[in-house]
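Please look over the model below before reading on.

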Amino acid sequence: MEKFVIGGGHRLCGSTRIKGGKNAVLPILAAAILTDEKVTIHDCPDISDIRNMLKILNSLGARTTFENSVITVSGGISVGEIPTEAAKEIRSSVFLLGPILARIKKAKVAYPGGCDIGLRPIDIHLKGFRELGIEVTEQNGYIICDASGIRCADIQSDKVSVGATENLMMAAVFTKGSTFIRNAAKEPEIEDLASFLVKMGAKIKGAGSDVIEIRGVDCLHGCDYTPIPDRIVAGTLLAATAICGGDVLLENVVYEHIFSLVSKLSKSSCLIKPVCDSIYISFKSRVRAFDIVTHPYPAFPTDMQSQFMAVAATAAGTSIITETVFETRFKQAGQLIKMGADITLRGDTAIVRGVGRLSGAEVTACELRGGAALVLAGLGAEGVTTVDGIRHIDRGYESFEKTLTQLQADITRICL
């Protein structure tokens with residue numbers, strides 16, 4: 001058990017570099033088992049979700065290494081059953097269904113776990129698999145798939161789903177003919193996975209648009225690849241600077257990937273501008289209130305809603321936050337209220353009346369992004385804040401306390 005102890009009230013200053021994105025690296029790791037040859041992935045964050053994914057790959061028969069931010073995967077796979085404990089620990093285990101089925105035609109996995117932020121049904125994945133000719137059965141909490149009759153298909157997704165789009169792309173890489181995914185997700189991580197697969201020898205067009213075409217090939221080969229930087233980590237540090245004030249340079253950021261966040265704050269008392277592959281952030285006074293509605297990319301991301309609630313808690317005026325993606329992603333609200341925030345929840349909407357400054361308190365992280373929001377709130381609060389449950393935060397932020405200390409924050413990790 002560990003916790004963060006945070007001394008609030010320090011302006012942030014300095015620079016830090018953003019590593020490869022969690023949500024980019026995880027599906028790329030899944031795709032790496034589509035070949036027996038060595039795949040090398042650079043600039044990977046050392047976070048628990050990635051460590052857990054490597055354990056799963058090893059259990060399937062792959063050989064992996066992880067050293068100095070570089071991961072290698074080789075040897076392919078010989079087993080199609082994902083260990084139950086691992087599947088319940090990391091939701092991204094579901095990404096492995098597509099590549100397992102493409103390689104060895106049979107797969108078995110328990111329903112995936114991850115953060116408790118509401119129902120995240122994988123029926124969109126399974127519906128797409130069935131359209132590819134894959135037999136899918138659900139028995140006693142397990143999903144069992146048989147892809148011996150897999151074929152190309154023209155798939156119309158009922159709902160935009162990042163995970164389903166990625167899974168179907170990987171499942172279809174070896175099918176004869178062309179597979180189309182319509183109403184596909186457009187997130188940068190989709191384009192990144194497609195770029196990785198193309199570098200391995202796949203034929204994919206349209207990633208980043210509504211329609212993706214996958215033309216089947218006979219085999220894929222190894223490659224070296226560097227994933228896109230983590231736009232959610234960059235956005236979290238942008239939000240931290242908005243709360244605390246200061247002058248920060250974030251290196252290795254794709255400005256377009258976080259533009260929906262920048263646009264919410266750039267009309268307030270701040271300067272945010274791109275500098276080559278970095279962004280410079282300067283906040284001199286209190287942020288003004290804003291309204292956000294979460295939607296799939298390129299709209300405001302659900303993975304930044306919690307952090308921006310922490311910003312809104314101390315902004316000047318009343319902010320309205322509407323969550324349309326996950327139905328229970330306001331769990332951080334109760335913890336922020338313990339710190340003095342004025343938040344009213346009405347269904348999928350939060351009304352946040354800025355109070356100027358929060359007060360330090362003992363709070364608990366219940367999930368990844370909500371936990372990050374509590375850390376940000378503590379950075380700007382008066383007094384000392386302790387955040388328990390930081391194992392959730394470690395799922396997506398590498399040594400979060402070290403990154404923030406580098407920016408002159410007062411935060412310490414305590415082992416209990």
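**Surface, sheet and overall form**

Met1 is exposed, at 76% relative accessible area (exposed is over 50%, buried under 20%, partly exposed in between, with a 1.4 Å probe and protein chains only). The model is predicted: local features need pLDDT of at least 70 and side-chain atom pairs pLDDT 80 or more, while totals for chains, interfaces and linings use all residues. Residues are numbered from 1 along each chain as its sequence is written, and side-chain values use heavy atoms, without hydrogens or water.

Surface
- Met1 lies in the segment before β1 (2-7).
- Together with Ile414 and Leu416, Met1 forms a nonpolar surface patch of about 350 Å² accessible area (patch residues have over 30% relative accessible area and no salt bridge, and nonpolar side chains are joined within 5 Å).

Sheet
- An open sheet of 4 strands runs in the order β17-β18-β20-β19, with mixed pairing (strands are DSSP E runs of at least two residues, and two pair if DSSP finds at least two bridges between them).
- β17 (291-293) and β19 (342-346) are the edge strands, each with a single partner, so one side of each lacks a neighbour in the sheet.
- β19 pairs with β20 (349-353) in the antiparallel sense over 5 bridges.
- Leu345 has Ala350 in β20 as its bridge partner.

Overall form
- The protein contains 13 helices and 23 strands (helices are DSSP H or I runs of at least four residues).
- Of the 416 residues in the protein, 58% are buried.
- The C-alpha trace spans about 60 × 40 × 40 Å along its principal axes.

How values were computed:
Patches are made of residues with over 30% relative accessible area and no salt bridge: like charges are joined within 9 Å, nonpolar side chains (Val, Leu, Ile, Met, Phe, Trp, Tyr) within 5 Å. Accessible areas come from the Shrake-Rupley method with a 1.4 Å probe; for residues, only the protein chains shown count as cover. A salt bridge is a side-chain nitrogen of Lys or Arg within 4 Å of a carboxyl oxygen of Asp or Glu.
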